[in-house]
Amino acid sequence: MLIALGVTGGIGAYKAVEVARGLQKRGHEVVAIMTASATKFVGPVTFEAITRRRVITDQFESGANSDIEHIALASSIDLLLVAPATANILGKFANGLADDFLSTLYTATRAPVLVAPAMNTNMFAHEAVRRNLDALAARGVRFVDPGEGYLACGWIGKGRLAEPDEIVAAAEAILRPTGTGPAPREAAASVLGGRRVIVTAGPTYEDVDPVRFIGNRSSGRMGFAIAAEAARRGADVTLIMGPTAVEPPAVRDVVKVRSAADMHDAVIGLADRADLVVMAAAVADYSPVERAAQKVHKAGETLTLVLRKTPDILGELGRRRLAAGRGPVLVGFAAETERVSEQAEAKRAHKHVDLIVANDVSRSDAGFEVDTNAVTIVGAHGAEVLPLMTKTRAAAEILDRVERLLAGSPAATRALRN
Ligand code: PMT
């Protein structure tokens with residue numbers, strides 16, 4: 001899921017780095033928002049390195065308002081978590097003040113809000129702060145209470161930021177029951193519990209020479225969301241990923257590949273033992289016939305590259321299953337720019353797969369790179385057009401349908417027994 005982590009100016013800001021890590025380990029994506037005072041305690045670069053995303057520090061940063069960033073983020077996050085939360089930010093939230101990115105995001109989002117206050121004992125006990133806390137609680141904001149002990153100001157008492165593990169657990173407790181996947185203890189009850197799942201994600205790079213390649217815009221986010229959601233449902237997940245700067249979720253196995261041929265070998269080598277294969281990767285359809293051993297130097301006005309078709313991995317899995325009469329449930333994606341359902345159905349039939357998840361990659365809020373997607377799920381019984389949602393939620397919708405297939409599929413059941 002996508003979590004906005006607000007960091008405000010308290011000594012506990014350093015602990016928010018551990019909170020970000022903990023959330024990522026649980027398969028969540030984190031976008032960090034730092035107030036101006038928070039940057040006095042920890043540098044934005046620290047959060048950028050951990051989250052692998054731009055850290056939002058300024059509402060009026062050049063370029064940040066081209067898509068009215070606080071509104072775009074407000075509608076795509078699954079949780080707004082603020083840790084540490086100072087008396088100042090609590091006052092702004094409680095009173096509807098919106099004078100920086102974080103307070104504006106709070107007023108704009110309808111996602112659940114979790115706040116971990118941290119401040120001096122007397123400040124925490126002050127009537128004004130208590131009133132703000134009560135007002136927020138009445139509005140449904142949830143809290144991770146501060147701990148007691150030595151405070152940075154030298155006092156002993158209540159006010160120290162809760163431990164990162166406690167904050168991560170509180171975030172998980174909010175996210176899970178709201179419905180996109182069972183908690184680990186429920187995983188055994190999930191149809192995917194204990195199943196072997198292969199997910200592909202990201203682009204492939206087809207090398208032209210030692211410095212150039214043919215690639216595409218896939219970030220891996222869609223496939224990562226599926227891998228994380230399958231792992232959350234208790235599946236034994238192998239993620240096969242192409243080159244991307246986005247951090248993969250913590251699943252059982254992560255296999256890094258580069259080209260379509262590498263991805264082919266990795267998938268085919270594991271697919272016989274899988275119960276489900278989801279191909280969200282944007283695999284190159286063509287690759288240079290020859291890779292130059294040395295850098296190709298500029299010469300004539302034009303340059304001709306001869307490309308050869310790459311192996312169709314999903315198509316091969318579909319043909320094998322058809323021939324054997326058994327095999328994993330197969331889910332493919334279709335990156336389309338027009339006649340989305342029609343093209344997806346043609347791919348489903350041609351590749352002999354159970355589901356094709358089509359996305360319109362000409363949209364700026366869906367498909368490549370972004371955190372949201374608008375998918376059409378095409379199966380044997382027709383096409384379901386889903387609205388725009390986070391990729392995390394889309395992953396849950398896709399896996400809900402896969403679980404129904406797994407529950408009723410004799411082929412999948414046979415594959416499970418092998
Ligand atoms: O990674 P993100 O930035 O989050 O973006 C997500 C996405 C847009 C990449 C993803 O949602 C998506 O659409 N993935 C599939 C892109 C694609 O390659 O579509 P296609 O229509 O060209 O291929 C159809 C299916 O065949 C895909 O499942 C693909 O993985 C598979 N394929 C394609 C070529 C090939 N040689 N072998 C394959 O198995």
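**Asking about the ligand and its surroundings**

Me: A backbone N or O atom of Met 279 sits 2.8 Å from an oxygen atom of the ligand. What makes this a polar contact?

Reply: A polar contact is a pair of N or O atoms within 3.5 Å (within protein, one must be able to donate a hydrogen and the other to accept it, and residues adjacent in sequence count only if both atoms are side-chain atoms). At 2.8 Å, the Met 279 pair therefore qualifies. Do keep in mind that this is a predicted model, where local features need pLDDT of at least 70, side-chain atom pairs count only at pLDDT 80 or more, and totals for chains, interfaces and linings use all residues. Residues are numbered from 1 along each chain as its sequence is written, and side-chain values use heavy atoms, without hydrogens and water.

Me: Which side-chain distances do Ser 219 and Asn 359 show to an oxygen atom of the ligand?

Reply: A polar side-chain atom of Ser 219 is 2.6 Å away from a ligand oxygen, and for a side-chain N or O atom of Asn 359 the distance is 2.5 Å. The protein covers 96% of the 770 Å² of accessible area (Shrake-Rupley method, 1.4 Å probe) that the ligand has on its own.

Me: What is omega for the peptide bond between Ala 83 and Pro 84?

Reply: Omega is about -5 degrees, and the bond is cis. Pro 84 belongs to strand S3, residues 79-85.

Me: What is phi of His 352 near?

Reply: Phi is near 55 degrees, a positive value in a residue other than glycine. His 352 is in the loop between H13 and strand S17.

Definitions and conventions:
Helix = DSSP H or I, 4+ residues; strand = E, 2+ residues; numbered from the N terminus.
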